[in-house]
Amino acid sequence: MYKYIIKMELPEVLKVQPLSRPVNQVCSTDILQPTTFTQTQCKFVFDKKGILDSNSKLHVAQTVVNTGTIPNDRSGVNARCYLPTATGATAMVRRAYLTIGGREVSDLLEVGHYNTWKRHHYSNEYKKGVATPHQAGNDVYVGSASATLDSNNDATSKINRGFAPPYGTIGRCSSEYGIMSKTSPEQFNVWGKPVPALLDVSDAPKRLLTNDPTTTPGFLIELGQLCPVLVGLQLPLFAIEGEVALVIEWAPKTWGHRFMYNVTDVEGSAVQKDKLVSTIVEDEVFLITDTLYYPELMGEIHDQIMTKGGYSIPYDDVITQTNFLQYDVASGETQKDLQITLSGKRVKRIITQTQQDQEPVVATLCCGFYNSYALRRPKSYQYRIDSNNFYSLPLKNSALQRQESNAIEGIPMVLNSSVFSFNNQADKQTGSIVAPNDFNLTNRDCNSHIQYNDAGTQFWTGIKIENQMGQGHLMSSQPVIYSERSEATAFDPSDVAPTTQTQRVVRFFCLYQKVMNINGGLVEIIS
Amino acid sequence: MNSRRELLQVIPTNLGAKNEFSPSRNGLQTVVFQIPKLPRVMIGRTLRINGTFGIFKSNDSKSDNANLWLDEAPLDSISIDGRIGVSSCIDSLSIQNLRGATYSNVKNYNRLCSSIVPLNQSFNNYINGCDEEYGQGKQVTQAKRCDKDFDFSLPVLDGFLQADPIDMYLTEGLQLTLSLSPDNFVINNKYWRNQQATTPNGAYYKWSDLVLSVETEVPDEAGQQAMMSNTKGLMTYRTYSSFYSVILSNQYNISMLFNTRNTTALIGNISPSEWINNYQYNSSMTPQLLYKSDATGVLNNNIRVNSFTYQKAGVRTPYDFEIRSEKTQDEGTADSVKNLTEIEAIRDGWDIYNFYKSLETELSNPLTDTKLNKFDRSKYAINYQDKENAYMIGVSYDKLGSGVDFRNQPFSLRLQSELPADQSFQPHSLYLFVQAENQIVFDNGMVNVIS
């Protein structure tokens, strides 16, 4: 395979990196409408011109309508739905694939789940300043306090500013005081008094989804989030003969997938979440494509591609495998093995998601189905590659598990440790948590859901297989075996209480190396 | 050469009946890890000590800070320092090979961490509770965390490990020896914040389920053979030497012989001597010189620092001027020149440029009882950091990458401060850490460390 890679080094202008010397450049930004659009998918076909900048973006919007029938029809009332807090706008997309000449170059299943993992690596500053304005979501934690106000006037109450225990919890940025101000005219008689409702957090009104296509907000998703191949590559569209197309399949139109619901609508009436239906707004779906031109270099690149052997471009693609695990409380600690078929592939990373998909549990989470829900009791896990254990000891320490997760992308996850696991929250022996004191997250609401429900909901694990030089491991015909020793307890949330069994959808995102050869206007994929 | 990544995990060699270390309870005050001699390359900066940490009251029960942290007179409300977390448990750190040659030895490692760890890459990361490495957090968050045991994955901030990847075969394997701190160094009851708090005598901490982990690159068969046949090599790294002194007056001069050749940086910190190994105070804190407040009777007010002067063999080096502070201290503004020198000493020494320190920590304590107290002990900020003083001292000697030769030439420090006329000066401990470049020459099984 590598004889192809070293054929001809990719010119700088086709890489996503600063140029080493100034180059004349023209950037043209165009709006590209989909060639086909339905409520299940849409397709974009790129013009055969210039170089596609990977910073191009998909613009997308959705409305959420309450479809309750008369006399309970509330379709005309804004239900104040929001995008899942850890995922944002990518929750609207289930799958995205790029085809060149009709052949799949990159295929990302479960775009929302994969990008939830990626989003955990954004810095807080980036989340707050860029990701949230572009894609919504609400996942910056900065310290918080209890939702309960202490009305006593003793010395302790004065010291803690009127907040009752628990002290030391963390939550999304919220009011330190929750005090009525003159901007709440209907409450003019209680100015200066603390009000519990003002301690809660909600997404900014401009990012709440409405039931009206003309007022619902639009969001931007980068092409690199949809197609991993474009993360490090500027695609030379002008030198590709075949049709270059991006196909996007939308996520299911119900709550928890494309959007999450508020408990009450804008009029304060209870929302029936099962009646909420999302519609992608056709007029708001378009690509904002940046096309780059380098007048002095285009001829040379064209010449290289058309007549001199072209370029071989190494890139990473993602295989997604989905399994299912069921945990019976009565069985106690058991070992569970799952096989991941990756034979013949040069694998760099495996990211493991353990999604809780039982609706009664998901309904309480701000992140919806985009979770990787830890068990209350710590589990240990091991990967076996080519019949060898990857770890000399199975990983059991949750902090070490976190460090191994951090190693996968080479960037530490910027993720509140109480959202990552139940370490320091649940009792290690029994798995019990007594709210609110045992949770390290606040009991203040976020978008009408208690924030401590998010504890342990982003337990993403996995392994970095690639070596220091960035080379993946060539897998033999034997599957990779993921095995965990784990135990569910009666305290693990499920659809009934007390829990007798709980379940997880186990999803493996496996990054492996591929090579795209662009030669004579044709694109060849070598895996 | 092809290679693959592998995470090496090692358990302590001096385990008792259980994998638990609690100096005052089971007598195990030393943790020893031995990393075998293997034909692999170790990525030293990924080395971590993993385990579970817990603190207990004298009757083995846990604290209840979630409920009691803000009580007027919290009984046995115990916690640990929020800035350095579990690092406070390591009193000294020694790295040797399996034949006994010492590569690095840092005494008062916990106080070294007090200077380095509070530097952050992001203020938001510090306060948002995302740390599962050091066990860091705002003091109130840290207190709540101490109500239950928690897992940690502690990086070891030693220059030997933070340097280039390590040939595990050439270095003849490694032995890490950690001497654990006394309980009353690690645990405190924040008496400084609240003088009604009851002293938690007999409180203790425990490390359990310890595992050392480190990333290694395992070469293919040919690569391993090549590593095993190589008997010569040279390794350069930076390591710290520790020095300790007691400041007994507000006009302080010290002279000491570092005897280090390529000296790259000096960092240090101060603590009232009364605060070290004392359940009532946080022994990891780094205030500037303090005198007792009349109102509270505890060391509460800053002694105005006028100037620092660093000398080598009687000549002001590296700065040929006094680093003056009196004006900024009077005005209650951050002391920018001192901060510049202090931060550079760490940034340059670690080749890290995106560390920063919140300058608001400089402004924590008042100069007198009559002035506004910048840090109100009775109220904590919910969305903001603790304004507890992170007052460091330090200079960088390594602007050109060569360091300064301190062999046979004494280092001197003059610290001028101004104590109010009617106040007495309490002894303060000064911890100095001298970073110097070491070289190890490997020659056919012989290891020669040149400092």
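Mentor: Two strands count as paired if DSSP finds at least two bridges between them. The model discussed here is predicted.

Trainee: In what order do the four strands of the open sheet in chain B stand?
Mentor: The pairing in this sheet is antiparallel. Strands E3 (30-35) and E7 (102-107) of chain B have a single partner strand each, so one side of each lacks a neighbour in the sheet. From one strand to the next the twist averages 10°. Read across, the order in chain B is E3-E10-E6-E7.

Trainee: What angle does the direction of helix H2 of chain B make with that of E6(B)?
Mentor: Helix H2 of chain B, residues 109-116, packs on the sheet and touches E6 and E7 of chain B. Its direction and that of E6(B) make an angle of about 100°.

Trainee: Which strands stand at the edges of the sheet in chain A?
Mentor: Five strands of chain A form an open antiparallel sheet in the order E2-E3-E9-E6-E7. An edge strand has a single partner, so one of its sides is left without a neighbour in the sheet. In chain A these are E2 (36-37) and E7 (103-109).

Trainee: How many bridges join E6 of chain A to E7(A)?
Mentor: Strand E6 of chain A spans residues 93-100 and runs antiparallel to E7(A). Arg95(A) stands opposite Leu109(A) in E7(A). The number of bridges joining E6(A) to E7(A) is six.

Definitions and conventions: Residues numbered from 1 in each chain as written. Chains lettered and ligands numbered in written order. Predicted model: local features only at pLDDT ≥ 70, side-chain atom pairs only at ≥ 80, totals over all residues. Helix = DSSP H or I, 4+ residues; strand = E, 2+ residues; numbered from the N terminus. Axes fitted to C-alpha atoms, helices over the stretch in contact; angles between N-to-C directions. Contact = placed C-beta atoms within 7 Å.
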